[in-house]
Amino acid sequence: MPPPFAISISLLGVHGAILGIGDDLAEQYPLDRHSFKLPIQIIPAFGDDVYYRSALSPAVDALWNAVGFPTAEDFSANYNAEGEWAPNG
């Protein structure tokens, strides 16, 4: 199937689940709703991991916003250029 693609992400039954941050998940932010219906994102073309991460960024930002962060940018900065988890840069 050729692009464009629509991606819809819904988290259901998550009230009270914890969004943990840090190597030991010491910072914990409980989800205060039963469901989160994140904004639909349109992926207009095929791409690499960096492209898809960027395209889905508004949806991921919406989840982080729900626990008090303006964006997921600080969290995303913990990944290196290859998309691997690298919390120390």
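Me: Where is Pro4 found?
Reply: Pro4 is in the segment before strand S1 (5-7). Residues are numbered from 1 along each chain as its sequence is written, and side-chain values use heavy atoms, with hydrogens and water left out. It's a predicted model, so local features need pLDDT of at least 70 and side-chain atom pairs count only at pLDDT 80 or more, while totals for chains, interfaces and linings use all residues.

Me: What's the peptide bond from Pro3 to Pro4 like, cis or trans?
Reply: That one is cis, with omega near 10°. For background, most peptide bonds are trans.

Me: How many helices and strands does the chain have?
Reply: Two helices and six strands. Going from the N terminus, the order is β-β-β-β-β-β-α-α.

Me: OK, helix H1. What should its 18 residues span?
Reply: They should span 26 Å at 1.5 Å a residue, and the end C-alpha atoms of H1 are 25 Å apart, which agrees. The expected span is 1.5 Å times one less than the number of residues.

Me: And where does the kink in H1 lie?
Reply: At Ser57, shortly before the proline Pro58, and the kink is about 50°. That bend is the angle between axes fitted to the seven residues ending at a residue and the seven starting there.

Me: Which residues of H1 are buried?
Reply: Ala55, Ala59, Asp61, Leu63, Trp64 and Ala66. Buried means under 20% relative accessible area, exposed means over 50%, and partly exposed is in between, using a 1.4 Å probe and protein chains only. For the chain as a whole, 20% of the 89 residues count as buried.

Me: What comes just after H1?
Reply: Gly68, which has a positive phi of about 105°.

Me: Which residues make up the largest nonpolar core?
Reply: There are 12 in all: Val14, Leu19, Ile21, Leu31, Phe36, Leu38, Ala59, Leu63, Trp64, Ala66, Val67 and Ala72. H1 gives the most, with four residues. A nonpolar core is a set of buried Ala, Val, Leu, Ile, Met, Phe, Trp, Tyr and Cys residues joined through side-chain atoms within 4.5 Å.

Me: Take Val14 then. What does it touch?
Reply: Leaving out residues up to four places away in sequence, Val14 touches Leu31, Arg33, His34, Ser35 and Phe36. A contact means heavy atoms within 4.5 Å.

Me: Back to S3. Is Gly20 buried, exposed or partly exposed?
Reply: Gly20, which is found in strand S3, has a relative accessible area of 23%, so it's partly exposed. Not counting residues up to four places away in sequence, Gly20 touches Leu25, Glu27 and Gln28.

Me: How many aromatic pairs are there?
Reply: Two. One of them is Tyr51 with Tyr52, an edge-to-face pair at 5.7 Å centre to centre and 65° between the planes. Rings of Phe, Tyr and Trp (its six-membered ring) pair if their centres lie within 6.5 Å; planes under 30 degrees apart are stacked, over 60 edge-to-face, and the rest tilted. Tyr51 counts as partly exposed because its relative accessibility is 27%, and Tyr52 is partly exposed at 27%.

Me: Last one: where is Glu82 found, and why does it count as exposed?
Reply: Glu82 sits in the segment after helix H2 (73-76). Its relative accessibility is 57%, so Glu82 counts as exposed. Glu82 and Asp49 are 33 residues apart in sequence and 8.3 Å apart in space, C-alpha to C-alpha.
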